[in-house]
Structures are given as structure tokens and as C-alpha cells.
Amino acid sequence: MTSYVSKPVNEKGFVEWSVEEDRIWHDLVSRQLALVKQSACKEYLDGLEMLNLPLNRVPQLPEINQVLMRETGWQVEPVPALINFDRFFALLADKKFPVATFLRSREEFDYLQEPDFFHEIFGHCAMLTNRQFAEFTHTYGQLGMNASGKERVYLARLYWFTVEFGLVKEGEQLKIYGGGILSSPGETLYAMEDPVPLREQFDIHTVLRTPYRIDIMQPEYFVLEDIGQLYKLSKMDLMFQVQQAMKVGLLPPLFEPKEVTHA
Ligand SMILES: [Fe+2]
């Protein structure tokens, strides 16, 4: 269930953001910029420089589109707060990245479960300027469009542990490219510095079989050798990998099951 509603987008692709939303954007970006400069991978930081996001106001979709179209042929597509799998995969297959046009409230400044405008733009769009990452995301959309419901659940794990929560090696260092981490100050620090979470070498078979929860800090991250590994994945027979993973099923979760409270 969503508690947010996307703001209307006019025929030119513009949203009327309020003064308070401009302030929230400013505060979110200024806090997170310092963190990502230390911890995001080069590809992300290069993309952020290209996007040249404004600090004092919420950016507009056409500004983002101009850069994405030039670099990789991608676009951002305004959507209502939640969309179904069909629409999600169809958009990615069409090189359109879905972006809900609402911004979190001050009350949920630090944490919200729903992907808002800050998460989508600041978390994801910088990586979409990278050709190898963009190609992976495009292939992912195409595969998902033709996959069965059960296969899609397996594919969702691949997306989760890459586009949302992926880490990558950079020389001797560990860096972040996942937008779910890069749009969260708490998880940026946690993913980089906390001794608790596991950081494992990326292995497609393991990733497809690893359960996750969306409402906790991740107990486990997967680390790529480089962003080029995503491009190589997009050229593999990923659906064969999904079939193999489905045959053996899920690995035991590293987290407690979500508490269910009955009314
Ligand atoms: Fe996301």
C-alpha cells in the first residue's frame, strides 16, 4: 500500500514542485553528496557529474532526459507511485526508467520503503549514463517481459542485488553502484563500513537463489569485479541460469522472517 501519490506532469514533462519540496531535495542531496563522493564507484560519480543535478530545486525530467538520451539512449518515464511487473519490465525493455514523481516528506527524511523521486533520480540515473550498466538494464527488461510469474520472482533478485544493492571492486577498494544504497545515508555507511553484513563475490547462481527483505539493512551484498561484469551477464543465457536456480530453490535466509501482526 502506498501513502504517496505522484504529482502531475505537464505535457512538456515538468512537475510543479513546491518550495518545501525544493528544500527537502536540497537537504537530501547535500547530505548524500558528501557520502557518495567517498563511497560510490567511478561510473556513478562520472554520471553524476554529467547529470549536474541542481542543488536548490528539484530537477525536472527533461533535464535528466537530455543527458541520458545523449549518453545511452535512455529516458526517465513518470509513473504513479506503484506499477506492476508487466509495466516495469516493458518500460525497461523500451529503455525507459520508471520514476514516481513524488518526494518524501520531512517526517520520512531518513527512511521510506517506497521509491521516491530522490531515490530514482539520485540513486539510479547516474548509473544509467554508463553504457555497460544501461545495456544490462535493457536486457533485464527484455527478459522480464517474456518471463513467467515464477521466473520473474527469481529475476527480481538479480535486480535487487545489482541495480539496487550492488557493490563493485575498484582496485583494492570496495565501492557502491546500487541505487538503493546510494540514496540512503544510513545504508551507504553500513554497506561500506559495518562489520556485520557479508560481502561476497558476485555469483549469478547464488544471487538468483538468495532471498531478501526490503525493509531492513541488507545482511548480504554481492561484489562485482567491475561494472563490465554486468555487461557480460547481459550477454549470458540468463534465463537458463534462472531455470537452474529454480530447480534447486532458495538458499536459507540470513534474516529473521518479517513479523506478521494479526489485527
Ligand atoms: Fe530503485
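Helices here are DSSP runs of H or I with at least four residues, numbered from the N terminus. This is a predicted model, where local features need pLDDT of at least 70, side-chain atom pairs count only at pLDDT 80 or more, and totals for chains, interfaces and linings use all residues. Residues are numbered from 1 along each chain as its sequence is written, and side-chain values use heavy atoms, with hydrogens and water left out.

**View 1. Glu164 and the annotated binding site.** Start with Glu164, which sits in helix α7 (residues 149-164). The unreviewed UniProt entry lists a "binding site" at His119, His124 and Glu164. They spread over 46 residues of sequence, yet they cluster in space, with a largest C-alpha distance of 10.1 Å. Two of them, His119 and Glu164, are in the lining of the largest pocket. (UniProt positions follow the numbering used here, feature names are shortened, and annotations may be inferred rather than shown by experiment. A pocket is found on a 1 Å grid over the protein atoms alone: an open set of points where a 1.4 Å probe fits, with protein on both sides within 12 Å along at least five of seven lines; lining residues have an atom within 4 Å of a point.)

View 2. His119 belongs to helix α5 (residues 117-125). Is His119 buried or exposed? His119 has a relative accessible area of 10%, so it counts as buried, and Glu164 is buried too, at 12%. (Buried means under 20% relative accessible area, using a 1.4 Å probe and protein chains only.) Their side chains are joined by a polar contact of 3.4 Å, meaning a pair of N or O atoms within 3.5 Å, where within protein one must be able to donate a hydrogen and the other to accept it, and residues adjacent in sequence count only if both atoms are side-chain atoms. Leaving out residues up to four places away in sequence, His119 touches Arg104, His124, Glu164, Gly179, Gly180 and Ser183. (Contact means heavy atoms within 4.5 Å.)

**View 3. Helix α6 and what it packs against.** Helix α6 (residues 131-146) has 16 residues and reaches 23 Å from its first C-alpha to its last, close to the 22 Å expected at 1.5 Å a residue. That expected span is 1.5 Å times one less than the number of residues. At the start of α6, a side-chain oxygen of Asn130 comes to within 3.1 Å of the backbone nitrogen of Gln132. Buried residues of α6 include Phe133, Phe136, Tyr140 and Gly144. The helix's buried residues pack against α3 (61-72), α4 (85-93), α7 and α11 (228-235).

**View 4. Arg152, tucked away in α7.** Arg152 is in helix α7. At 9% relative accessibility, Arg152 counts as buried. Beyond four places away in sequence, Arg152 touches Phe85, Asp86, Phe89, Gly144, Met145 and Ala147.

View 5. How many disulfides does the structure hold? It holds zero, a disulfide being a pair of cysteine sulfur atoms within 2.5 Å. The closest cysteine sulfur to that of Cys41 is in Cys125, 15 Å away, so it is too far for a bond. Cys41 is buried at 0% relative accessibility, and Cys125 is also buried at 0%.

Note on methods
Helix = DSSP H or I, 4+ residues; strand = E, 2+ residues; numbered from the N terminus. Buried < 20%, exposed > 50% of the residue type's maximum accessible area, 1.4 Å probe, protein only.
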